[in-house]
Amino acid sequence: MTELMPPANWYADPEGSGRWRYWDGAAWTGVYLNQDEPGPSVWKQYWDRAKPVLFAGGVIGMAVCLALGSGAFIFFLVLAWWGFPEEDSPHKLRYAVPYFGAIVVGVGIHAGIGYGLGIAACGTVAYLAGAWRDRLPQQLIWTLMAFSLAGAGVLFFASSDLWR
């Protein structure tokens, strides 16, 4: 029996150099390409598929835990954060809306609509300050963000069971 050999072509270097190496149909040549292997790794492919599921599960869990007054929301907060897209993704706003919406709805159900709307206002100011970073003075942006995040923190802890 003869072993079928792959056709002559460029393949990932079997020695693990991270480059492509030319297979002439019978043996490896000494000719390399200096580029990385093509395509994402298996881990990257599955991680990209898992991120939206992690995000959705984290957002739903956050809203439920906040509505019930449970401290377990921190676990779901981390889970949702792992599901957030990369820094350069154009879908950041699409992901930010349900993320902050879950916080507003959860706190609104647990502590009252006033707290939920207060956190929504603080989050909106922080987001707009970040979105208008090219149009506003830098000190004003940091001031708006600091006050809005501090305000959201005060509203959140005032509405939680930790202080009651």
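Let's start at Trp-132, which sits in the loop between helix 4 and helix 5 (138-159). This is a predicted model, so local features need pLDDT of at least 70 and side-chain atom pairs count only at pLDDT 80 or more, while totals for chains, interfaces and linings use all residues. Numbering runs from 1 along each chain as its sequence is written, and side-chain values use heavy atoms, with hydrogens and water left out.

Zooming out, the chain has 5 helices and 3 strands (DSSP runs: H or I of at least four residues for helices, E of at least two for strands, numbered from the N terminus). Along the sequence they come as β-β-β-α-α-α-α-α.

Back to Trp-132: it counts as partly exposed because its relative accessibility is 39% (buried is under 20%, exposed over 50%, partly exposed in between, with a 1.4 Å probe and protein chains only). Of the 164 residues in the chain, 27% are buried.

Now for the largest pocket, with a volume of about 1200 Å³. A pocket here is an open set of points on a 1 Å grid over the protein atoms alone, where a 1.4 Å probe fits, with protein on both sides within 12 Å along at least five of seven lines; lining residues have an atom within 4 Å of a point. The volume is the space filled by probe spheres set on those points, joined across faces, edges and corners. Of its 34 lining residues, Ala-96, Phe-100, Gly-123, Ala-126 and Tyr-127 are the closest to the centre. Helix 1 (42-68), helix 2 (73-82), helix 3, helix 4 and helix 5 each give the lining at least two residues.
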